[in-house]
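Please consult the sequence and the structure shown here.

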Amino acid sequence: MTLVRHELRQGRRSFLIWTAAIGFLLVICVFLFPDMKKQMDGVDDLFSSMGSFTAAFGMDRLNFGTFAGFYGVECGNILGLGGAFYASLCAAGMLSKEERDRTAEYLLTHPVSRTRIITEKLIAVLLQIVVMNLIVYVLSICSIFFIGETVLWKEINLLHFAYFILQVELAAICFGISAFMRRGSAGVGLGIAVMMYVLNLVANISETAGFLKYITPFAYAESADVLSDGCLDTAKVIIGMLAGVTGIAAAYLKYTKKDIQ
Amino acid sequence: MDAIRIQKLTKYYGKARGITDLDLTVEKGEFFGFIGPNGAGKSTTVRTLLGLVMPSGGSAQIFGNDIVKDRNAILRITGYLPSEALFYPGMKVKEVLRLSARLRKTDCAGEAEELCERLQLDSSRKISELSFGNRKKTAIVCALQHRPKLLILDEPTSGLDPLMQREFFSILQKRNREGVTIFLSSHVLSEIQSNCGRAAIIREGRIVACDSVDMLSHTSAKRITVQGSVALDGLDGIFDRRETDGVVSFLYSGDMDSLLRTLAQGRISDLSISEPSLEEIFMHYYEKDGERI
């Protein structure tokens, strides 16, 4: 596990910045809720009558005046997007950075098999995502207690779980792509996260683009659906997990035979 | 047992040539030189041996271990010094050395400390603050600290000052005397001439000569330098002729007697006849399609 530890140390700064940023924004939003609630009469009507914009963010189905509805939209945008960015960035650079920073010659001339390197790097990515989510989850629960709202355990657990799965899927896909790249990983990581997010917005607005829901992981983490159904869409989650497994398999197949430059 | 045995090793990067049908054998305990200019295939050979790139054809073994199948066994007994040594910038020198030891599952702190001292490398400094030469020293310690049986060095002295180069080679010679096989890839010929027993010359991905350094340097041709006026036109076997300020210098492989008779007819104020340097022979391999002098 030498490499896992090494990767965690290497990624420490990025991990702290992203976790602090996401945690801080989420806590701030929760703290805004009591004020929002007072002025909510009318606002909810406003939010639910903005046409496509309303549909895009699922606000036609969420009640912004209730804490669950508010948390669904806010959490969706902060943890959903922020977490997706972090997971994609972290995974997209994981294998390619050795060649980009020219450290591959150092690392890969030690008696450690490529398979082991891939495995330990993958564990490091997943560990960082797990710990980031745990910290954000705890911060979020604490702040909800602090403002005196009742914690809707089932809804909140489900939402956080959905975002966690989403991050794991994106990370697995980006990890696979990372094996093929030699540089420019940040752009690819962010690009994929943004593309998936936009695909979900498009699918929310347009009926004909509904099939996109089976491509983007943001579909099964759509808070409006999660809150109204009380569960995740199993079919979409399974498709997502298959995409993730494909990404990881691609990483192993490519990187064990890759010419390092 | 041979330390390195390469048979018909070929590597193409897509359509670009790396090395073609390379055959080479290095015996255990040898200090072997591998000579060639940039782009000739030196680094490709080294990188293929270390499993960084996969061969397109042929095979190679290091101490009997196949370079594709037994990569880990090879890397366990090998120390590699890359030509361009880069490390994780946020780490300290001692952290890089410790990570290297951990990845090898050994503790070689004592050896590392001794090497750092000899090379005057402060191991508490951060990699990002190091000069090129100090990064090179870090790479040297990484390659040597676990006491490998085989050392593969790719242009090891670039960035080291002459004093450090001397120190480095004295460490290498000591290791070599203790039985370590050294494979030195370089384009600095004097380095090869003063350290290696045998050497191979690589040109456009192929070995064009492989012999003892003495044999490579020793040829029938002599370097003749004449100061004065003499008519050399009737003489056969002259090549690489250079003329500056009344001094004529050329390589001569013709009949010695006719040379002396020709010279006797001129007015000569100074004359020297010497063995050509390895450098001149090397240049010859590159200018004359690899044909022996």
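Q: How many salt bridges does the rule find across the interface of chain A and chain B?
A: The model is a predicted one. A salt bridge requires a side-chain nitrogen of Lys or Arg within 4 Å of a carboxyl oxygen of Asp or Glu. B:Glu84 and A:Arg102 form such a bridge, with their closest N and O atoms 2.8 Å apart. Across the interface of chain A and chain B, the number of salt bridges found is four.

Q: Which helix supplies the largest share of the side of chain A that touches chain B?
A: Polar contacts across the interface of chain A and chain B comprise 16 residue pairs, both members being at pLDDT 80 or more. On the chain A side, helix H1 (2–10) and helix H7 (104–107) each supply at least two residues. The largest share, six residues, comes from H1(A).

Q: Which three residues supply more than any other three of the area that chain A buries against chain B?
A: Chain A and chain B bury about 2,600 Å² between them, with 54% of it on carbon and sulfur atoms. Of the area that chain A buries against chain B, 27% is supplied by three residues: A:Glu105, A:Tyr106 and A:Pro111.

Q: Which side chain of opposite charge is nearest to A:Arg114?
A: A:Arg114 is found in helix H8 (residues 114–146) of chain A, and the residues it touches include A:Tyr255, B:Leu52 and B:Arg71. A:Arg114 is buried yet has no salt bridge. A salt bridge needs a distance within 4 Å, whereas the nearest side chain of opposite charge is 6.5 Å away and belongs to A:Asp259.

Methods:
Residues are numbered from 1 along each chain as its sequence is written. Chains are lettered from A and ligands numbered from 1 in the order in which they are written. This is a predicted model: local features need pLDDT of at least 70, side-chain atom pairs count only at pLDDT 80 or more; totals for chains, interfaces and linings use all residues. Side-chain values use heavy atoms; hydrogens and water are left out. Buried area is the accessible area (1.4 Å probe) that two parts lose on being put together, summed over both. A polar contact is a pair of N or O atoms within 3.5 Å; within protein, one must be able to donate a hydrogen and the other to accept it, and residues adjacent in sequence count only if both atoms are side-chain atoms. Helices (H or I, at least four residues) and strands (E, at least two) are DSSP runs, numbered from the N terminus. Buried means under 20% relative accessible area, exposed over 50%, partly exposed in between (1.4 Å probe, protein chains only). Lys and Arg count as positive and Asp and Glu as negative; His and the chain ends are not counted. Contact means heavy atoms within 4.5 Å. Lists of a residue's contacts leave out its neighbours within four places in sequence.
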